[in-house]
Structure formats: structure tokens, C-alpha cells
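Have a look at the structure first, and then follow along with me.

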Amino acid sequence: MIRQDLIPLEDRAAWRQSLEGIPHGFGHTWESCRAAARSSGAPTFLYRFQDGPARVVCPLAERGQGWTRDLATPYGFGGFAGTGGGPLFRHRFRDFLRRRGYVCAYIGLHPVLTGGDWAGPGEAHVYNSVHVLDLTAPEETLFARLSENRRREVRAFDRARSEKTVELVEDRDALARFFLDHYEEFYRSRSASPLYFFSRDTLLDLFALDNVLLLGAAGPDGIEAVSVFGWTPYLADFLHNVSRPGGERHSAPLIWQAARRLHARRIPFLCLGGGIHEGDGVARFKERFGGERRPLAALRQVYDRERYAELCRLAGVDPEAEGYFPPYRNPRASAGTNEAPALAAGRGWR
């Protein structure tokens with residue numbers, strides 16, 4: 001018997017139970033999705049599919065109200081995860097969301113949890129790439145895979161620690177205080193997307209989790225940089241990094257120290273993410289850790305063509321526009337138009 005439903009955040013027990021036995025990432029967890037929802041304010045669900053032994057899950061956040069409702073995957077690497085579903089799964093998924101009254105959905109596909117028959121022809125759009133470390137190799141092999149510059153930075157950090165000029169900090173309270181005190185200024189200085197400007201409640205929720213790792217580096221004047229990682233038994237994600245001016249030099253050593261700790265926990269993969277744009281400086285920085293480059297893709301599905309076209313018309317955008325999806329939720333879409341007031345709700349998700 002086929003079962004499909006949406007588990008709300010309010011049902012934490014069912015959410016967690018639905019993930020049992022399914023390889024999943026930090027972005028699939030109730031804790032990660034709840035933290036994201038505390039910033040977005042979006043009603044958030046775990047889609048659950050079961051057909052005999054086949055089980056598939058996918059976190060989804062709802063945007064808009066009434067006739068404007070659509071869906072997107074919450075912040076982080078989520079998307080589909082599961083143990084099967086068969087070639088008819090994607091049709092059942094689309095039919096389910098159509099019957100629920102959604103206009104469309106933007107569903108990020110996980111770069112590590114691949115293999116499912118998730119995408120129909122032309123639905124998967126590759127928009128970036130990420131770098132993934134295989135932590136199943138011995139630590140000596142992981143170190144050898146680092147670029148020459150990365151190895152030099154790690155050795156310099158280790159020397160500075162032995163000389164007591166740099167300290168590796170693991171005090172969660174101190175690291176959380178530093179992050180909260182500096183993250184807004186840090187992201188503004190880098191013209192970061194609004195997606196990174198989380199509420200303090202979101203960050204405090206994350207920092208309290210046992211499966212979130214915080215590591216920092218301190219110099220003579222205190223903490224200079226903090227890096228944050230989330231993990232499940234199946235894989236880990238590099239979530240955030242914040243530093244004071246000059247603290248950027250600790251970024252590579254902190255990732256290496258995190259990789260060592262996750263390796264010791266037998267976490268098989270560490271997803272470092274990618275750049276803001278393909279091949280930019282951030283992407284090249286992550287590439288030099290010697291991981292595998294994997295495509296980052298998303299599904300763009302339209303369930304109600306008539307409503308989709310009308311929402312695009314009201315926003316003054318082309319329904320077939322490339323880039324931001326859906327185009328009527330692009331923050332720039334309403335510039336110079338008489339956009340319908342209903343479209344003002346639920347913005348800030350790509």
C-alpha cells in the first residue's frame with residue numbers, strides 16, 4: 001500500500017522515526033529544519049513516501065498563502081533521501097503535491113545522497129558544484145590529498161599551537177558568543193546572501209545540538225575564527241565560518257581539525273560546499289582539500305501552470321526565465337511593477 005504524507009515540525013517524534021534506517025544528512029533532521037524555520041517563519045514539513053520496503057523522505061518549506069502557496073527545500077543540503085521508490089516515484093510525488101494545492105516547488109538535490117529516480121526530463125538544473133571529502137581513507141591519506149598550500153597552513157597552525165601563540169578552542173559557550181557577536185558584520189563585509197543572516201534563536205538552537213561541532217582558533221587577543229559543522233552517522237556538512245580581520249588564516253586548519261574529529265567518529269563524508277559562483281575564490285579554496293567535485297542540482301517543478309503563469313504576470317516576469325525559481329519570488333521581480341500584495345509573503349528562499 002502506497003503512503004504519502006507531510007509531517008509537520010510539531011510532530012518531532014514522527015519526523016525522527018521517519019528518518020530511522022534511511023541514510024540522511026544534517027539538513028534532513030528535525031533539529032536543522034526547526035532551526036531554519038525559526039529564521040524563515042515558513043511552515044516546514046518532512047515529506048514521507050512508503051511503498052512496501054521502499055521509503056523516501058524530503059524536507060519542504062511552504063511559502064505564500066492561499067492560491068500562491070509553493071514549496072522549497074529548507075536551508076542546507078536536504079532534498080530526497082531514501083531506499084527506493086521505483087521509476088513511478090517522481091510521478092506520485094508530483095501528483096501528491098498537486099492535489100495538496102501547491103503551485104510549484106524548488107527542490108535541492110543532495111550532492112552525496114544520489115541514486116534515486118528523482119528527476120524527470122529537463123527537471124534537474126545544475127547550478128553549482130560542491131567538494132566532498134571521503135573520510136573513509138586513513139588520516140595519512142587524507143592529509144596527503146591536501147594541496148601543498150593546505151598542508152603548509154596545517155603545519156604552520158600546529159607549530160603555532162606548540163609555541164603557544166595560537167590555541168585550538170573547543171569551549172562551545174565561548175565559540176557561540178564569538179559567533180553571535182561577529183556573524184552579522186562578517187557576512188555584511190562579504191555581501192553575503194540574506195539566507196545567511198539567521199536569527200539568534202536559530203543559531204542558539206544549532207549551537208546547543210550534540211551533532212553540531214564548533215571549533216575555533218584564538219590568538220593573544222582572544223578568539224579570531226570559528227567554524228561550524230553539522231553531522232549525522234551518514235555524512236557531515238560544513239555549515240558556517242566567521243572570523244575577525246586576520247582570522248581567515250585559520251580557516252583551512254579548522255576544517256582539517258574538524259575532518260580529523262569526524263574521521264574518528266567514522267563519519268564517511270564531509271561536504272565542504274562550494275563557492276558563491278562556480279569556480280570563484282571560495283570554490284578554489286575548498287577544492288584544495290582534495291575532495292571529489294560533485295554537481296549541485298535542483299528540481300524545478302510546476303504543478304499548476306495556470307496559477308504559475310498568473311503569478312509571473314503579476315510580478316512582471318517571464319515564466320520561462322532562467323535563474324531564480326520561481327521567477328515571481330525573485331526579490332528583484334517586483335521592481336517597477338504593480339506586484340500583487342499576495343506575492344510579498346514567503347520571500348527569501350531560492
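**Entry 1: helix α2 and its surroundings.** I looked up what lies against the buried side of α2, and found that its buried residues pack against α1 (12–19), β2 (44–51), β3 (54–63) and α7. Contact here means heavy atoms within 4.5 Å. Helices (H or I, at least four residues) and strands (E, at least two) are DSSP runs, numbered from the N terminus. This is a predicted model, so I took local features only at pLDDT of at least 70 and side-chain atom pairs only at pLDDT 80 or more, while totals for chains, interfaces and linings use all residues. Residues are numbered from 1 along each chain as its sequence is written, and side-chain values use heavy atoms, with hydrogens and water left out.

Which residues of α2 are buried? In this helix, residues 30–40, I listed Trp-30, Glu-31, Ser-32, Cys-33, Ala-35, Ala-36 and Ala-37. Buried means under 20% relative accessible area, exposed over 50%, and partly exposed in between (1.4 Å probe, protein chains only). Just after α2, I noted that Gly-41 takes a positive phi of about 75°.

**Entry 2: α2 against α7.** I checked how these two helices cross: their axes come within 8 Å, at roughly 170°. Axes are lines fitted to C-alpha atoms, for helices over the stretch in contact, and angles run from 0 to 180 degrees between N-to-C directions. The two helices are therefore roughly antiparallel to each other. For the wording, angles under 35 degrees count as roughly parallel, over 145 as roughly antiparallel, 65 to 115 as roughly perpendicular and the rest as oblique.

From α2, the contact uses Arg-34, Ala-35, Ala-36, Arg-38 and Ser-39, and from α7 it uses Asp-201, Thr-202, Asp-205 and Leu-206. I sorted the residues of this contact into three nonpolar, two polar and four charged. In that sorting, Ala, Val, Leu, Ile, Met, Phe, Trp, Tyr, Cys and Pro count as nonpolar, Asp, Glu, Lys and Arg as charged, and the others, Gly among them, as polar.

**Entry 3: α7 and α6.** I then asked what covers the buried residues of α7. The cover includes α2, α6, β9 (212–219), β10 and β11 (236–243). The buried residues themselves are Thr-202, Leu-203, Asp-205, Leu-206 and Phe-207.

Next I took α6 (residues 172–189) with α7 (residues 200–207): they pack at an angle of about 155°, with their axes 11 Å apart. That makes α6 roughly antiparallel to α7. The residues of this contact divide into eight nonpolar, no polar and two charged. On the α6 side I found Arg-172, Ala-176, Phe-179, Leu-180 and Tyr-183, which meet Arg-200, Leu-203, Leu-204, Leu-206 and Phe-207 in α7.

I also looked up Ala-174, which is found in helix α6. Ala-174 is buried, with a relative accessible area of 18%. Its C-alpha atom is separated by 15 Å from that of Leu-206, 32 residues apart along the chain.

**Entry 4: α5 and α8.** At what angle do these helices cross? I found roughly 85° for α5 (residues 148–162) and α8 (residues 251–264), whose axes come within 9 Å. That makes α5 roughly perpendicular to α8. Arg-150, Glu-153, Val-154, Phe-157, Asp-158 and Arg-161 of α5 make the contact with Ala-252, Pro-253, Trp-256 and Gln-257 of α8. By class, I counted five nonpolar, one polar and four charged residues there.

**Entry 5: two strand residues.** Is Glu-224 buried or exposed? Glu-224 lies in strand β10 (residues 222–231) and is buried, with a relative accessible area of 11%. Leaving aside neighbours within four places in sequence, its contacts include Phe-178, Val-242, Arg-244, Arg-249 and His-250.

Val-126 is found in strand β7 (residues 124–134), and at 59% relative accessibility it counts as exposed. Val-126 touches Pro-295, Leu-296 and Ala-297, not counting residues up to four places away in sequence.

**Entry 6: the cysteines.** I searched for disulfides, a disulfide being a pair of cysteine sulfur atoms within 2.5 Å. By this rule the count comes to zero. Cys-58 is in none, as the nearest cysteine sulfur, that of Cys-33, is 9.3 Å away. The sulfur of Cys-271 is 16 Å from the closest cysteine sulfur, in Cys-33, too far for a bond. Cys-58 counts as buried at 0% relative accessibility, and Cys-271 counts as buried at 0% too.
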